[in-house]
Amino acid sequence: MTTTPTSPVKRAGTDAPQSARALARARRRRSAVRFWAAYRSHRAGLFGLGVLAAIALTALAAPLLVGSDVQSVTNAPGTALESPSGEFPLGTDQFGRSLLGLLVWGARISLVVGLLAAALSVAIGTLVGIVAGHYGGWFATVLMRVTDWFLVMPALVLAIVLATVMSRSMWTVIVAIGVTSWPTTARLVRAQTIAVESRPYIERAKALGGGHGHIMNRHVLPNVMPLVLAQTTLGISSAILTEATLAFLGLGDPTVVSWGGMLQDAREAGAVSSGHWWYLAPPGIAIALVALAFTLCGRAVESALNPKLGVAR
């Protein structure tokens with residue numbers, strides 16, 4: 001009876017990919033554990049993460065906590081511009097709606113716009129930065145000159161122009177913020193790409209026949225992702241502030257409630273001159289608190305991914 005010598009080889013061939021996947025999973029698990037250990041050593045970062053978690057959970061539970069009818073003008077439960085009381089802890093707006101309910105509901109729009117606008121901005125900046133750093137030459141020069149033009153132009157002014165010429169909606173605000181705030185990310189990613197491609201293993205990958213797509217996707221992108229992640233967390237706070245500014249100027253979506261829109265309604269109602277502080281303070285404090293929380297998280301992420309930065313704890 002003859003034995004087939006191919007069975008051990010087949011078993012070895014099937015075990016090798018499994019062991020490679022297991023090693024990759026274990027390596028990612030160890031990296032995640034090291035990252036969390038470094039992150040939680042930053043008390044400010046933990047505070048920011050706790051604030052964001054509380055606000056995000058409140059925003060997700062808004063339909064259960066305050067209901068969707070809180071935005072209704074015709075069914076407002078109170079009278080116009082009531083001061084804080086037991087029934088309305090933060091008072092009412094010019095239509096008699098509860099400001100606490102509007103504040104909770106507005107968190108959904110402000111957070112969604114901030115997250116999506118920052119993601120769009122970082123995606124554009126990462127693509128431009130990697131392509132410019134990898135190819136170089138006249139093509140990179142053209143990309144960098146376009147980046148410099150966007151960099152020297154005030155991003156808020158460009159966002160106002162885009163929000164003015166396009167239809168007024170939440171997606172217009174997201175696009176206006178995203179396509180005007182990517183140059184800083186592009187320059188940072190380009191510098192990191194140039195540094196990564198100067199390493200010996202990139203030369204070996206090219207010598208073994210690795211194409212442009214392989215080099216950028218498999219070697220450059222994983223090495224610039226820590227920078228991209230830190231830039232995203234830092235960019236969300238700027239996006240939320242820009243969204244609030246556009247809504248305050250009357251360029252946001254009038255059909256939804258956001259914190260910036262609440263400030264714009266307070267201005268139109270004359271809350272500044274009449275001394276109705278409860279109309280202005282809650283959305284302003286909420287915007288400042290979320291922006292501060294994202295900034296603290298971004299600094300902690302930056303320090304955890306690159307301890308050489310020495311960010312204070």
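Mentor: Begin with one residue. This is a predicted model, and in it Y39 has a relative accessible area of 4%. Burial is called under 20%, so Y39 is buried.

Trainee: Is W36 buried, exposed or partly exposed?

Mentor: W36 has 39% relative accessibility and counts as partly exposed.

Trainee: How are the rings of W36 and Y39 arranged?

Mentor: Look at the angle between the planes: under 30 degrees counts as stacked. For W36 and Y39 the angle is 15 degrees, with 5.9 Å centre to centre, so the pair is stacked.

Trainee: How far apart are W36 and Y39 in helix α1?

Mentor: They are 3 residues apart in helix α1, which covers residues 6-39, so about one helical turn separates W36 from Y39. Ring pairs also link these two with F35 in a cluster.

Trainee: What would an edge-to-face pair look like here?

Mentor: Take Y135 and F139. Their planes stand at 90 degrees and their ring centres are 6.4 Å apart, so this pair is edge-to-face. Y135 is partly exposed at 41% relative accessibility, and F139 is partly exposed at 35%.

Trainee: How many aromatic pairs does the structure hold?

Mentor: It holds 7 aromatic pairs. The two pairs W36 with Y39 and Y135 with F139 are among them.

Trainee: Which ring does the charged end of R108 sit over?

Mentor: The charged end of R108 sits over the ring of W105, at 5.0 Å from the ring centre. Another case is R267, whose charged end sits over the ring of F248, 5.4 Å from its centre.

Definitions and conventions
Residues numbered from 1 in each chain as written. Predicted model: local features only at pLDDT ≥ 70, side-chain atom pairs only at ≥ 80, totals over all residues. Heavy atoms only, no water. Phe/Tyr/Trp six-rings, centres within 6.5 Å; stacked < 30°, edge-to-face > 60°. Helix = DSSP H or I, 4+ residues; strand = E, 2+ residues; numbered from the N terminus. Buried < 20%, exposed > 50% of the residue type's maximum accessible area, 1.4 Å probe, protein only. Lys NZ or Arg CZ within 6 Å of the ring centre and 35° of its normal.
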